[in-house]
Amino acid sequence: MRVDRFLSNLPCFNRKQVRLLLAEKRVRIDGAVISDPHAEVREFSRVEVDSEILQAGKPVRHYMLHKPPGCVSATSDPQHPTVLDLIHEPDKDDLHIAGRLDFNTTGLMLITNDGSWSRRLTQPQTKLPKVYYVETEQLIGPQYAQKFTEGLYFAFEDLTTLPADLVVLGPRSARLSIVEGRYHQVKRMFGYFDNKVLRLHRERMGALVLDDSLKPGEYRPLTAQEIEMI
Ligand code: URA
C-alpha cells in the first residue's frame with residue numbers, strides 16, 4: 001500500500017497532515033526518511049513518524065529445503081506428508097512454496113512468507129533457469145539437445161516450451177536447464193522421446209544453489225545475500 005494511504009487510514013492523521021508529515025521528512029520506512037507519497041508500505045515494513053513506531057513490520061522468512069522423495073509440494077494433504085511437515089517454525093500457516101516439485105522429485109525447494117519474492121522467482125517473465133539432474137530409463141540420444149533447444153509443443157497448454165539447455169552426462173543421465181515451470185515439464189520433455197524419467201533432482205534456481213550440507217528433509221534459512229539473488 002502507498003505510504004500516504006497507509007498513514008491517512010490511521011485514526012491519528014488526516015490527508016493534509018499526512019502531506020505535511022511527508023514534506024517535513026518526519027516519516028521513515030525501514031529506517032529511511034521518505035517524502036514520496038507513493039513509497040510502498042508492506043506488511044514487512046517498519047513505519048515510524050518521528051520516533052514513534054506505527055507498524056513494527058512482520059519478519060520476512062525464507063528457507064531452503066532439501067526436498068526428499070515421497071512428499072507433496074503442498075501446505076496440507078489428506079494422505080501424504082507435505083514439505084511443510086518438515087519445517088519446524090512458528091506461524092507455518094504464513095508460509096508458502098515457491099516453485100513446486102513432484103511427489104518423488106528431490107532437491108532445492110524454497111519456502112517463504114513473502115509473496116512478491118516468490119512471484120519474482122516463479123513467474124515465467126523472470127526466465128529464471130531451474131537446473132535439474134535427470135536419470136532416465138532409456139539412452140539419451142544426440143537428438144534430444146536440439147529438440148529441447150527448439151522447444152516442444154504442449155497441446156494441453158497450446159504452447160511451445162522456451163529453449164532449454166541439455167548437457168548429457170552419461171548414457172542415461174543429463175543436466176537440464178529450463179526457464180519455465182510447466183506442469184511435469186521435465187518428464188513431458190523426455191516423454192516426447194518415450195523416455196521415462198526415473199530420477200529428478202533440482203540443483204539450482206537462478207543463482208540459488210542447494211546447499212550440499214543439507215541432507216534430504218533438512219532445511220535452513222536463506223542468508224541475506226541469497227535473498228538478494230532473486
Ligand atoms: N519437471 C517435472 O516433470 N517434475 C518436477 O518435479 C519438476 C520439473
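Guide: Let's start with the terms: two strands pair if DSSP finds at least two bridges between them, and strands (E, at least two residues) and helices (H or I, at least four) are DSSP runs, numbered from the N terminus. Keep in mind that this is a predicted model, where local features need pLDDT of at least 70, side-chain atom pairs count only at pLDDT 80 or more, and totals for chains, interfaces and linings use all residues. Residues are numbered from 1 along each chain as its sequence is written, and side-chain values use heavy atoms, with hydrogens and water left out.

On that basis, β11 (residues 165-170) and β12 (residues 173-178) pair antiparallel over five bridges. A two-residue hairpin links β11 to β12, and G170 has S173 of β12 as its bridge partner.

Elsewhere, four strands make an open sheet with antiparallel pairing, in the order β2-β1-β3-β4. The edges belong to β2 (32-34) and β4 (52-55), each with a single partner strand, so one side of each has no neighbour in the sheet. Within this sheet, β3 (residues 47-49) runs antiparallel to β4, and three bridges join them; V49 has E52 of β4 as its bridge partner.
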